[in-house]
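Student: I am new to this structure. Please show me how to read its features, one at a time.

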Amino acid sequence: MDNPIDYIGIAGNKPKGKRPYFFDDPAVERVLNITMAISMELAVARERVDTLERLLEDKGILTREEIKNYTPANKEIETERQQWHSEYISRILRVIQQSMEEIANPDKTLEEIADDIDQM
Amino acid sequence: MAAKNLPPTYDHIAKHEVFPETTHDERARYNFLANLNKHLAHVSQGNAVAFKNDVTPKFKEEHGRDFENKEELGDAMAKNLHYQTWSALRRCTMEMRQQAGRSMTYRQAAELTERVNKLNEGKDSLILNDEVSPPPYLLAVDNHLMPGSYHTELFDGDVSNAANYDGGLFVTTAGLLGKWSDGGGQAISQWVKENHPEFQPKRILDIGCGMGHNTLPIAKLFPDAEVIGIDTGRPMLRYGHARAMALGYENVKFMQVEASKMSFEDESFDWIQTTMFLHETGGKSIYNIMREIYRCLKPNGLTMHIEQPQYTDDMSLYEKWIRDWDAYNNSEPYWSKMHDIHPKELMEDCGFNGEYYMQIGAQAINDLDDGTQKADEPEDHGRSPIWNVFGAWKK
């Protein structure tokens, strides 16, 4: 029997009743909610890594001591890892990058651009 | 590092044939949420400090007097940043718990239904009735933020929310209800057995039984009794019945019956129980239900009701107010209103003799407590399994 349910959508449905917001600015609370969801997913990933390490250790493939003491063996690995951090941080802080670009290069609104295009 | 007060990991929860399958990451999500719930119980202690050191002095300075009612106090606290932060986090945690549980059960919705149907097929101990619909107080709100509440079926035979309820109680209470989430049912059945050994009930009714987690411990401790659980939520009844079958219970029945108009004969039960049910009813219905309980109870029969702690005159305004948090923000609105009724008066109004009224305190019997689940945790108002139990003998 196929699953008849769009479970991802259903899982996040709103319960009945107007949602209370506690902070003066609801936008802050939205960001908090998103941040907490990400915190949870980080904890989940962390637990998964812990599982992997323990299984690998149990199977005698490596020890967690080795993980603890691991350092990149060459420049290539160092670069790959640092590159990952750099990209990760850029993704998280995208909104700040864009506001800096905006400050450096004040832009027209899309309404203004629409008016411009209307004349093109 | 001495580990203290850590919630048990999710894998300690007891499984049965219709229990939802969980993946590694789903269990990890629940582990995170159980820990977050515990952590927030500590954060909630800051509310009392903020109230005492910040909110109260400010109010007194402005108004030249103390708070006179809960509304005034609530308005002042609502402006406090610590309270705002705790509230926002707690609401968020409840929503995350629902989402985590529902994504887990709805992804396997079809399999759950198949497993439940297989166990229920051909059994006369599950009695559904199309004529019975959920009462208006259940349709008005999704209790404790579970979208669709107890009655919604997204397809024929859907039991996903019931499975979500079963799988998630452990998380919301950080494991304090035990591995079967039945600490309430265990507490009341043991209390009856120990305190009234002469009482030998033959027919027991559990009203608002849901998925039967608190019904089964009664059936277990009173194996010679016929135990009937009633509810209006069909998914809960189907799932609860299958769960009971999977666990080998032979003296329980699950019936779709509405508590305020029960189809049972007068004086047909020795014991009528409700567990965390009455606060999810309504202001008129609670009287109708109690009158029905009186009608269906045999002379010398017992009725007991496990509820949240009663608001008493010696309880501070602050405590009454903070205990109302879940009512409004975890969507259990009648919880707050019910505190305006004195349980003794409720029972007397519905026919019981006040002379035989009783009130006891109860704490969940937690079979998961390995000694690290210390009771020196701060009380998480509305979550800690510390209850008020009221009831009466029908004499």
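Student: Which residue stands opposite B:L205?

Tutor: B:I228 in β3(B) does. This is a predicted model, in which local features need pLDDT of at least 70, side-chain atom pairs count only at pLDDT 80 or more, and totals for chains, interfaces and linings use all residues. Residues are numbered from 1 along each chain as its sequence is written, while chains are lettered from A and ligands numbered from 1 in the order in which they are written.

Student: In which sense do strands β2 and β3 of chain B pair?

Tutor: Two strands pair if DSSP finds at least two bridges between them; strands (E, at least two residues) and helices (H or I, at least four) are DSSP runs numbered from the N terminus. Here β2 (residues 203-207) and β3 (residues 226-231) of chain B pair in the parallel sense, over five bridges.

Student: What is the strand order of the open sheet in chain B?

Tutor: The eight strands run β1-β4-β3-β2-β5-β6-β8-β7 (chain B), with mixed pairing. At the edges, β1 (126-127) and β7 (357-363) of chain B each pair on one side only.

Student: What is the phi of B:H144?

Tutor: Most residues other than glycine have a negative phi. B:H144 has a positive one, near 35°, and is found in the loop between α6 (136-139) and α7 (160-172) of chain B.

Student: Why does B:H144 count as partly exposed?

Tutor: A residue is buried if 20 or more other C-beta atoms, placed from the backbone, lie within 10 Å of its own, exposed if 12 or fewer, and partly exposed in between. B:H144 counts as partly exposed because it has 18 C-beta neighbours inside 10 Å.
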